[in-house]
Amino acid sequence: MGNKQSVTTGVISDKSFSVVIEYCTSWGYYPKALQLAKVLQEAFPNCKVDCVVCPTAGGFEVKVTPPSGKETLVFSKLNGQGMPNNEKIMVILDKIKEII
């Protein structure tokens, strides 16, 4: 899982949390991962977002780790959710709000 790209504005709160966006390079999902990372950074400035190569072909997975440390999968193309469009991004944001 090399090729780790971090999109981070910095921690501005002791309630920081992290998000990992796993994307498939062979399907060209890197631009979509960066786009989602930017949306997440705008919505949650205290969030650290890492975009990493997905170990499974065709994957686009979004995982959140809150301050409590328990990682939660909030979006999975591999589980049939497709690619994140505007509506699905809103659902991702809502799920993150519930977790943090």
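A: Helix α1 (residues 30–43) packs against helix α3 (residues 86–99) at an angle of about 45°, and their axes are 11 Å apart. Axes here are lines fitted to C-alpha atoms over the stretch in contact, with angles running from 0 to 180 degrees between N-to-C directions; helices are DSSP runs (H or I, at least four residues), numbered from the N terminus. This is a predicted model, where local features need pLDDT of at least 70 and side-chain atom pairs count only at pLDDT 80 or more, while totals for chains, interfaces and linings use all residues. Residues are numbered from 1 along each chain as its sequence is written, and side-chain values use heavy atoms, leaving out hydrogens and water.

So what touches what? From α1, you've got L36, V39, L40 and A43 meeting I89, I92, L93 and I96 of α3 (contact means heavy atoms within 4.5 Å). Sorting the residues of that contact gives eight nonpolar, no polar and no charged; Ala, Val, Leu, Ile, Met, Phe, Trp, Tyr, Cys and Pro count as nonpolar, Asp, Glu, Lys and Arg as charged, and the others, Gly among them, as polar.

As for confidence, pLDDT (the predictor's confidence in each residue, from 0 to 100) averages 86 over the chain, and 85% of the residues score at least 70.

Note on methods:
Helix = DSSP H or I, 4+ residues; strand = E, 2+ residues; numbered from the N terminus.
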